[in-house]
Amino acid sequence: MTRKEIAKQPKPDWIRIKLTTGENYQDIKGMMRSKTLHTVCEEARCPNIYECWANRTATFMILGDICTRACRFCAVNTGMPTELDLQEPERVAEAAEGMNLRHCVVTSVARDDLKDGGAKIFAETVAAIRRRLPLCSVEVLIPDFLGDQGSLQIVMDSNPDILNHNIETVERMSDRVRAKARYRRSLELLRRAKEMKPNIPTKSSIMLGVGEEWDEILQAMDDLREADCDILTMGQYLQPSPQHLDVVKYYTPEEFVRLKEEGLKRGFSHVESGPLVRSSYHAHEQVESAAKTREDRMAAN
């Protein structure tokens, strides 16, 4: 079967999205609109938006909704951003408080037009959330800042509870899948983050189905562990439009279970693996799991 034939075939039975648009979903949607905020749930067309919003969880997307990169898997708008909203951190914190979150995920578009890549806004957002919700854990899902160590330091000095940066795919496919990003640069970012703040868990994600081989997935796991990455998420790539990368393979739920086992064998403190898993899926459970694993390892030493 050719790649085009695979791309055109119906999604497997296990790729099913539960539509839940009840009161919680409508409340969160209304709050985002009233605060003029963006979520990666909407902008990236996440398949879990209905489940997550029904459970009053969301991933805030800061620094606007226009990305300076054009990755071939991503549905976020690309172009040249026109402005920087300095009031955005406080509005995100207000929304998080209104939702009474206990775990908040903050990500962004890539802002290669900014000297620090938006690192300062990330840090200010973490601080604003902590002022309003002292007991809420905060996870940041950051771009690579084009490898700038100073920008990474700004984010790490804000002391997020989890530092997340996605490698997205295996090394061989990276240049084809990602724009401007580099596989080894992403690994270096994760390694440096752990050097800067050894007690902050690091996390990364791999999407499957863009043409990678099984052994390459296992090698990517090994590469992440070599960079001392703690948490791994893996999910099925779904083509957001005909202009994006074709789906080359649909992985079965059984294959995702096998990959989770492989990840745990390699020492990840938490592995979330399934067809509809995305980087922030069940994120509140991941931070708790990482903390427990860290405590267990400290006790063993």
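**Close-up views of a predicted model**

**View 1. N100, a residue in a loop.** Let's start with N100, which sits in the loop between α5 and β5 (103-108). Keep in mind that this is a predicted model. Is N100 buried or exposed? Its relative accessibility is 61%, and the cut-off for exposed is over 50%, so N100 counts as exposed. Now look for C136: it is 36 residues away from N100 along the chain, yet the C-alpha atoms of the two are separated by 8.6 Å.

**View 2. Helix α5 meets helix α6.** Here we have α5 (residues 88-99) and α6 (residues 119-132), whose axes come within 8 Å of each other. At what angle do they cross? Roughly 35°, and the crossing is right-handed. On the α5 side, the contact is made by E88, P89, E90, V92, A93, E94 and E97. On the α6 side, look for I121, E124, T125, A128, I129, R131 and R132. Sort these residues by class and you get six nonpolar, one polar and seven charged.

**View 3. Y251 and F256, a tilted pair.** In this aromatic pair, the ring centres of Y251 and F256 are 6.1 Å apart. The planes make an angle of 55°, so the pair goes down as tilted. Buried or exposed, then, for Y251? Y251 is buried, with a relative accessible area of 2%. F256 has 1% relative accessibility and counts as buried too.

**View 4. Q236 and its neighbours.** Last up is Q236, found in strand β9 (residues 231-236). Its relative accessible area is 0%, so Q236 is buried. What lies 2.9 Å from a polar atom of its side chain? That's the backbone oxygen of K249. Leaving aside residues up to four places away in sequence, Q236 touches I15, L208, G209, V247, K249, Y250, Y251, F256, G274, P275 and R278.

Note on methods: Residues are numbered from 1 along each chain as its sequence is written. This is a predicted model: local features need pLDDT of at least 70, side-chain atom pairs count only at pLDDT 80 or more; totals for chains, interfaces and linings use all residues. Side-chain values use heavy atoms; hydrogens and water are left out. Helices (H or I, at least four residues) and strands (E, at least two) are DSSP runs, numbered from the N terminus. Buried means under 20% relative accessible area, exposed over 50%, partly exposed in between (1.4 Å probe, protein chains only). A polar contact is a pair of N or O atoms within 3.5 Å; within protein, one must be able to donate a hydrogen and the other to accept it, and residues adjacent in sequence count only if both atoms are side-chain atoms. Contact means heavy atoms within 4.5 Å. Axes are lines fitted to C-alpha atoms, for helices over the stretch in contact, and angles run from 0 to 180 degrees between N-to-C directions. A crossing is left-handed if the near helix is turned anticlockwise from the far one by less than a right angle, and right-handed if clockwise. Ala, Val, Leu, Ile, Met, Phe, Trp, Tyr, Cys and Pro count as nonpolar, Asp, Glu, Lys and Arg as charged, and the others, Gly among them, as polar. Rings of Phe, Tyr and Trp (its six-membered ring) pair if their centres lie within 6.5 Å; planes under 30 degrees apart count as stacked, over 60 as edge-to-face and the rest as tilted.
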